[in-house]
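I opened the notebook to record what I looked up in this structure.

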Amino acid sequence: MAICAIVCGVLGLILVWVVVWLGLLLSVLGIVFGGVGMSQAKKTGSGKGLAIAGLVCGIISLAICLIAVIIAACIVSEAVDTINDYSNYYNW
């Protein structure tokens with residue numbers, strides 16, 4: 001699970017810049033696999049570093065994705081307000 005966590009976390013960190021929804025999915029999977037990998041690492045004693053790295057990469061990419069969604073929502077809201085202002089001005 002630790003290897004899955006690091007793979008999903010790093011791919012989520014990379015893909016959050018290209019395809020936001022895929023980066024979001026991979027970051028959530030990285031967080032989940034990181035948590036499961038850490039619990040398995042306590043039992044077996046190996047893979048704790050990979051699980052932590054996957055967890056951290058997943059959290060960072062999730063934060064970037066949430067910030068991008070908030071910024072996009074603000075931009076869309078401002079664009080809708082601008083369009084409404086112009087349509088009220090010209091009485092369309």
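Entry one, cysteines. I began with the term: a disulfide is a covalent bond between the sulfur atoms of two cysteines. For the search, a disulfide is a pair of cysteine sulfur atoms within 2.5 Å. I noted that the model is a predicted one.

How many disulfides does a search of the whole structure find? I found zero. I then looked at Cys57, which is in no disulfide; the nearest cysteine sulfur belongs to Cys8 and is 11 Å away. Cys57 has 15% relative accessibility, so I wrote it down as buried.

Cys65 came next. Its closest cysteine sulfur is that of Cys74, and because the two sulfurs are 15 Å apart, they are too far for a bond. Is Cys65 buried or exposed? I listed Cys65 as buried, because its relative accessible area is 2% and the cut-off for buried is under 20%.

Entry two, H1 and H2. I looked up helix H1, residues 2-15, and helix H2, residues 20-44; their axes come within 7 Å and cross at roughly 155°. An angle over 145 degrees counts as roughly antiparallel, so H1 is roughly antiparallel to H2. The crossing of H1 past H2 is left-handed. On the H1 side, the residues that make the contact include Cys8, Gly9 and Gly12; on the H2 side, Gly23, Ser27 and Phe33 are among them. I sorted the residues of this contact by class and got 11 nonpolar, seven polar and no charged.

What is the angle at which the axes of H2 and H3 cross? I read roughly 150°, with the axes coming within 7 Å. H2 and H3 are therefore roughly antiparallel to each other. Their crossing is left-handed. Among the contact residues of H2 I noted Ser27, Gly30 and Met38, and among those of H3, Lys48, Ser61 and Cys65. By class, the contact of H2 with H3 has 13 nonpolar residues, eight polar and one charged.

I placed Ser61 in helix H3, residues 48-90. Its relative accessible area is 0%, so Ser61 is buried. Which residues is Ser61 in contact with, leaving aside its neighbours within four places in sequence? I listed Gly9, Gly12, Leu13, Val16 and Ser27. Of these, Gly9 and Gly12 are on the H1 side of the contact between H1 and H2, and Ser27 is on the H2 side.

Conventions: Residues are numbered from 1 along each chain as its sequence is written. This is a predicted model: local features need pLDDT of at least 70, side-chain atom pairs count only at pLDDT 80 or more; totals for chains, interfaces and linings use all residues. Side-chain values use heavy atoms; hydrogens and water are left out. Axes are lines fitted to C-alpha atoms, for helices over the stretch in contact, and angles run from 0 to 180 degrees between N-to-C directions. Helices (H or I, at least four residues) and strands (E, at least two) are DSSP runs, numbered from the N terminus. Angles under 35 degrees count as roughly parallel, over 145 as roughly antiparallel, 65 to 115 as roughly perpendicular and the rest as oblique. A crossing is left-handed if the near helix is turned anticlockwise from the far one by less than a right angle, and right-handed if clockwise. Contact means heavy atoms within 4.5 Å. Ala, Val, Leu, Ile, Met, Phe, Trp, Tyr, Cys and Pro count as nonpolar, Asp, Glu, Lys and Arg as charged, and the others, Gly among them, as polar. Buried means under 20% relative accessible area, exposed over 50%, partly exposed in between (1.4 Å probe, protein chains only).
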